[in-house]
Amino acid sequence: MHPVLIIEKSTPLLEPLRRHLKLHGFIAVVAHTYDDGLQQLRNSGALPQYAAVIIGRPVSPDRHAAEVLSLLCRPKYLNFPVMVMTHDPDPDLLDWTERRAHTALLSWNDCAQGVECLTKLLLASSQDELAENRLQKIRVLLVDDSQTARASYKRLMRRYGFDVDTAPSAGKAMEMAKQHPYDIAIVDYYMPEENGDALCRRLRKHPQTKHITVAIITGAYEKKVIRDSLDAGAAECMFKNEAPTLFTARLAAITRSIRTRRTMEAEHERLLGILRSVGDGVYGVNRTGEITFINPGACNILGYSEDHQLIGRSAHKLFHYAHEDKTPISRKSCLLQQAYRDGNEMHNWSTVFWHRSGMPIPVECTVYPLEIEGQFEGTVVAFRDITERRILERELLWQASHDSLTKLCNRGVLEKDLENEVNRLKRSTETSALLYLDLDRFKFVNDTAGHAAGDRLLIEISQQLQTRIRDSDLLARLGGDEFAILMRNIDKDHIHATAEGLREILETHAFIHEGRKFKVNGSIGVALFNQYTLSPGDVLANADLACRVAKGKGRNQTHLYNADRDERIALDLEIGWSGRLQDALRDGNFVLHYQPILAMNDIDAETANAPSGELWNLICRTLPQSSWQYEVLIRLLNPRGDIVYPGTFLPTAERFGLMHQIDTWVLTHAVEKLSALNRQGAEATFTINISGHSLDADHMVPLMRDLLSKHKFEASSLVFEISEATAIANIDAAKKLIGELREFGCRFSLDDFGSGFSSFFHLKHLPVDFVKIDGHFVQGMKNCSADRAIVSSINDIAHSFGKRTVAEFVENADVLRVLQESGVDFVQGYHISRPSGDLPEFSLLHTTTAAQA
């Protein structure tokens, strides 16, 4: 019996065809719309269910009819017999039927010939199916009490390559089926011990034989026999009085379903293998949320040893039933449960799964609806444990709000808390205070004992201050050697005494480094504020001004801000410094110092362990004939000939608009030094800082053109450094200046990278050659995993944009080794060499890749 799917809308055309088919033993299943026919074909059981399909060609174009023809050309359906019925065949339809195997085109006027045409298609298709069977040995068990029947059918099936065994009874057949892996059992219906339908039930029920496809064969065409056979689970009902060709056609259809099943099982095993090898968790659920499959990765994350502990159970009840705070999530409000039901997609969704032990696991999920043959059948969820990432994110958040060295809150937190306090006081009669602390002799310690000693001093001072403030107060490091303390609800009559007590901590603190004792003092400015204070910016500015007044009075002082007199005092101090800077520009009291920048490729394991500060000199002696790269740094000489570092005078220069002149002075004198080195036959590259005040192409470009004309040097030997904050604040001016100076051959470096908030976006669009990583991250790399991750990320992203990286503040061999592991290109810092006013003699200038970088 051959079930045939007919897709046709017109009942008058359909009925004669259906009658002809029924008369010749075909079962007609009708789809009255092309959409319905499409769904029938897409069902997973479509191939075993139908022997062929008959399609009525629509009179007018129909989208679903076109989809049916397209579907039948897919590999899965290529051997499927198809007969197309039409009134007037068009060229496209003729071409389609000619190109597709096992396809016939028939006119509705010749409907009576449809059975003959369909039979030929089935026989041709079955011949192909049986020919394929020779390559895929199908094992058949033939059960019949007639020896003649057994011999006859055995010969017929072996002719087509089947591996056939026979059994004379149901009992013997059951025994053989449990011992051998048969694919098909062809069972005679009428047998002495028990009928074929009873054996069919036993075969389908037993675990060892339930995979066998059973067909009933009988000599009598009786409705009861057919009904009993199909009710018992037989896939086909065959008749002994049929022609051998029909028997083989039916056998070919069964074989096709077995091959399809084998293919699906092989694909299933392949996919399971992939799932088992995936480290992330993957599970599937049906539309009610019951788990249908789950991989070992998911079992491991959730704390289960075997998948059978979860299969068939509700995913919601097992592991996504509550929020991280243990608040229950109902099935109705659970987003995952809704996705299971509605087929919603969810990408990179963070939630919490619960471990078998009752511990929450932060996970990131991707949820996809599972569609089979266009039907929504369930959902696949891929997830990963993001516990480590969550820890890193928390570290990074902490890093964003704290100073990595002292572990105190940073300036951003202070400013936010100060704003909240100003807003709170507007509804209160209380008074609060902001104390601004600046260490007086920190630069001396830093410059004579090194940055490592300076860092240790800052840590000791922060710990001392922390012990003397209340729980309600906030101590923050603003940067460098500056601290601030926000004191809420204070007694304004005693605040000066409180501040004096903190100053005395600084005054009495003895800092000892390598047997040498350093005295550290501090100046403190105090600003009171209350409900009449206009803004947090005013408070911070007043405290800063009070601190500068304290320094101007001789340092190691405490000063309480007074609006009437402090503005005048501060102005006098600033004007004094302004005059000194203008005198220095006129009288030549500025000097240049040079700090080497080394290529990491020139540092081997032995030289990396050289004593701090000796690495540069060691490499100078071992690498012959080459050039070096230096950062050019400005210093001021005071009347006694002592060096004043830029942190002291540059803020004043910025406030009085002198940075433009200072930048011009630095560039002019650096080029003169560079030109002198070139005349000696030496090559060098100078890296020069440009302030935000000098991002003026209209001034810098003519100046650069004049210097190149006068001194005849290679413009590529100049690298201009622009800080990230400056570049972002003046992005258009920065792009214009970089673009015009690069035309001369000059190169650019983005300084203090990582300190801003838009770094990666602007890095992509700023045409710089080098990226200098913020030294605060570099210093903490040895002991802080977050700093290591940040530096490595900056380095990798910079390389992906084609930029070279420079790490500053390299203070010891341990940091240098971590930087080597991170793949940074260049390094500078006290471990390499301290800045010096003298460059090595020409004889000591040797090769490095820095100048050609």
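Predicted model: local features only at pLDDT ≥ 70, side-chain atom pairs only at ≥ 80, totals over all residues.
Local features need pLDDT of at least 70 and side-chain atom pairs count only at pLDDT 80 or more, while totals for chains, interfaces and linings use all residues. Residues are numbered from 1 along each chain as its sequence is written, and side-chain values use heavy atoms, with hydrogens and water left out.

**Stop 1: the antiparallel sheet**

Select S12, S11, S15, S14 and S13. In that order they form an open, antiparallel sheet of five strands. Strands are DSSP E runs of at least two residues, helices H or I runs of at least four, both numbered from the N terminus. Two strands pair if DSSP finds at least two bridges between them. The edges are S12 (291-294) and S13 (346-354). Neighbouring strands are turned by 30° on average, direction ignored. Axes are lines fitted to C-alpha atoms, for helices over the stretch in contact; angles run from 0 to 180 degrees between N-to-C directions.

Now pick S11 (281-285) and S15 (375-385), which pair over five bridges. Val-282 has Ala-382 as its bridge partner in S15.

**Stop 2: the mixed sheet**

Select S17-S18-S16-S21-S22, an open sheet of five strands with mixed pairing. S17 (474-479) and S22 (558-560) are its edges. S16 (432-439) and S21 (522-529) run antiparallel over eight bridges. Leu-439 is bridged to Gly-522 in S21.

**Stop 3: the cores**

A nonpolar core is a set of buried Ala, Val, Leu, Ile, Met, Phe, Trp, Tyr and Cys residues joined through side-chain atoms within 4.5 Å. Buried means under 20% relative accessible area, exposed over 50%, partly exposed in between (1.4 Å probe, protein chains only). The largest core has 83 residues; Phe-590 and Phe-686 are among those touching the most other members. Helix H25 (659-679) gives the most, nine residues. Apart from this core lies another, of 29 residues, including Ala-449 and Val-520.

**Stop 4: salt bridges**

A salt bridge puts a side-chain nitrogen of Lys or Arg within 4 Å of a carboxyl oxygen of Asp or Glu. The count is 35. Select Asp-188 and Lys-240, which meet at 3.5 Å, N to O. They are 52 residues apart in the chain. Asp-188 is buried at 5%; Lys-240 is partly exposed at 28%.

Finish at Arg-742 and Asp-769, with closest N and O atoms 2.9 Å apart.
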